Amino acid sequence: MRANLISQRPHETLSLFLRISRQDGVFCDSFSLSLVVQACGRLMDIENGRAVHAQGIKTGFDSDLFVQTALIEMYARLGSVEISKRILDDLEEPDLVSHNVLLAEYARIGEIQLARDLFDKMLDRDLVSWNTMIHGYATRGDVMEARKLFENARERDVVSWSSMIGAYARTRQSNEALKLFHEMQLSNVVPDSITMVSVLAACGDIGALGMGKMIHEYIQRTRIEVDMKLGTSLVDMYAKCGDIDSSLRVYNLMDRRDVLTWSSAILGLANHGSGQAALEFFSEMIAEGIKPNDITFVGVLSACSHMGLVDEGWKYFTCMSGVYGISPKIEHYGCMVDILARAGLLQEARELIRKMPFAPDAVVWRALLIGCRVHKDTDLADEATVNLLELEPHADGNYVLLSNIYTQEKKWDKVIQVRRMMRNVNIEKVPGSSSIEVANEVYEFVAGDKSHPQTSEIYQMLNEIFEKLKLAGYKPLTSTVPQDLDERQKEIALAHHSEKLAIAFGLLSTNPRTPLRIVKNLRICDDCHLVIKLISKIYSREIIVRDRNRFHRFLEGSCTCKEYW
């Protein structure tokens, strides 16, 4: 029975017990009974669980510590935590194991306050107790409380470190995750595959390709098993860091792939502008009998959006529910609205929004508004803006987008009106920031940044860049600057955008022809897109920019987005 339970076969444990129970003269001891109780808990079998409990009472084993500890776990798993607590309270001499069992079950079902109350009352605590609490707070996103416990723990093992690193990675505090991983190495604690999954997620989040490669090399050097989860994490990391070739290399080396692996590859290809390859991957996935999930279809619809494939987009959108039984979520509707709006089918996009089974969010209205900008439909833009500003009245990007639409159409009275609205509303300006990795260190810049130690050299490089740009015929797109500034001030504001500063630093700090990889927190603006195309040609550099929506790969004066973004 114990062997079956350890091998994750609780059905066999219960079945064997039931067969033994029917035989005359054969009796189970308290240890065997505790195993069956655990099996019932894992099977969520309340009927047999209660029957076994009753048998324990009849045979006098219900006061045995092994059985009582198992009952605490079983009832907690079955949702009866009050019974579990009562059993623990009734124990004459509860030990650390029985406390830890209830502690773990409280944390598992999300009753973190009950867990904390029990933890604080425990006279004795071991590493398991501390790890349970650290992991409990970490999984619910309370990073500060998890870190306090982590710092107060007398000892830490790989579970402690992995839980804390995972908490930072899940809450997108990626620099903290990588910093803590470095501390873990200095503490001579050997990471496992779970640690690596979180570290790779942090690398992918901030676009730290150099660090990601080092982690991959460490995995290979220390022979950590690359299972499906770790392999998928590598595929995802390389794709998010702008190295789609390495992403596909890892993908091709994997012996087994699940839906998450396929979805990561499809989404990566779509975001890198390889929409056709993404759709081919989807077809291969279906041919191999892998059922897609909602993440898969975000990738597929994104591929259609980046390529302007309206008919294909509709086909995949309708087959979600019709063929695969997946109800489209708001992100799928957002993708479909984006496909239609970018293709100029603005009324169809508006009609789809009307038919949505739930209220459209800001992403949906913004997709329509971007289509209005591309196709110069100011009437529909007005309607989209009213709805967008109801949802996000303080987001500066919405006003900038609307102002640009009116500027394109030379509706200056409307531009003035938008600027007046911006002054009257308490705008929450999200500062544009761009990061670049140089020599395995990530440097972040904001617009007009002067905090870097090499600020003087960076701005000198920027001046040199703009001298060469002007010789190449560059004219700043000052119409995209909504502030009340004169023409020269607008040019300076554009020149000091964060991605331009990051690129200037990259040109200064890397050897000629070294690719530059930039991660931008917002959508890249029209002027920066134009400038980076020219820089890629003038300086013979491949420049890969990951903005909020997709990747742009600039080479020899052109971009993989083909101006469709």
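Hi everyone, let's start with charges: Glu-73, Arg-77, Glu-105 and Arg-108 are linked in a network of salt bridges. Keep in mind that this is a predicted model. The total count of salt bridges comes to 23.

Here are a few more of them. Arg-172 pairs with Asp-205, with the closest N and O atoms 2.6 Å apart. That pair links distant parts of the chain, since Arg-172 sits in the loop between H11 and H12 and Asp-205 in helix H13, 33 residues apart. Arg-172 counts as exposed, at 60% relative accessibility, whereas Asp-205 counts as buried, at 17%.

Next, Lys-520 bridges to Glu-499, at 2.8 Å between the closest N and O atoms. Lys-520 belongs to strand E3 and Glu-499 to helix H29, so this pair ties together parts that are 21 residues apart in sequence. Both Lys-520 and Glu-499 are buried.

You'll find Asp-449 in the loop between strand E2 and helix H27. Its side chain does make a polar contact with the side chain of Ser-451, at 2.6 Å. Asp-449 also touches Glu-444, Tyr-459 and Leu-501.

Let's finish with helix H12, residues 174-186. Which residues of H12 are buried? They are Ser-174, Ala-177, Leu-178, Leu-180, Phe-181 and Met-184. These cover an arc of only 160° around the axis, which puts them on the same side of H12. What covers them includes helices H10, H11, H13 and H14. After H12 comes Asn-188, whose phi is positive, near 60°. Thanks, everyone!

Definitions and conventions: Residues numbered from 1 in each chain as written. Predicted model: local features only at pLDDT ≥ 70, side-chain atom pairs only at ≥ 80, totals over all residues. Heavy atoms only, no water. Buried < 20%, exposed > 50% of the residue type's maximum accessible area, 1.4 Å probe, protein only. Helix = DSSP H or I, 4+ residues; strand = E, 2+ residues; numbered from the N terminus. Arc of directions from axis to C-beta. Contact = heavy atoms within 4.5 Å. Polar contact = N/O pair within 3.5 Å; in protein donor to acceptor, adjacent residues only side chain to side chain. Salt bridge = Lys/Arg side-chain N within 4 Å of Asp/Glu carboxyl O. Lists of a residue's contacts leave out its neighbours within four places in sequence.
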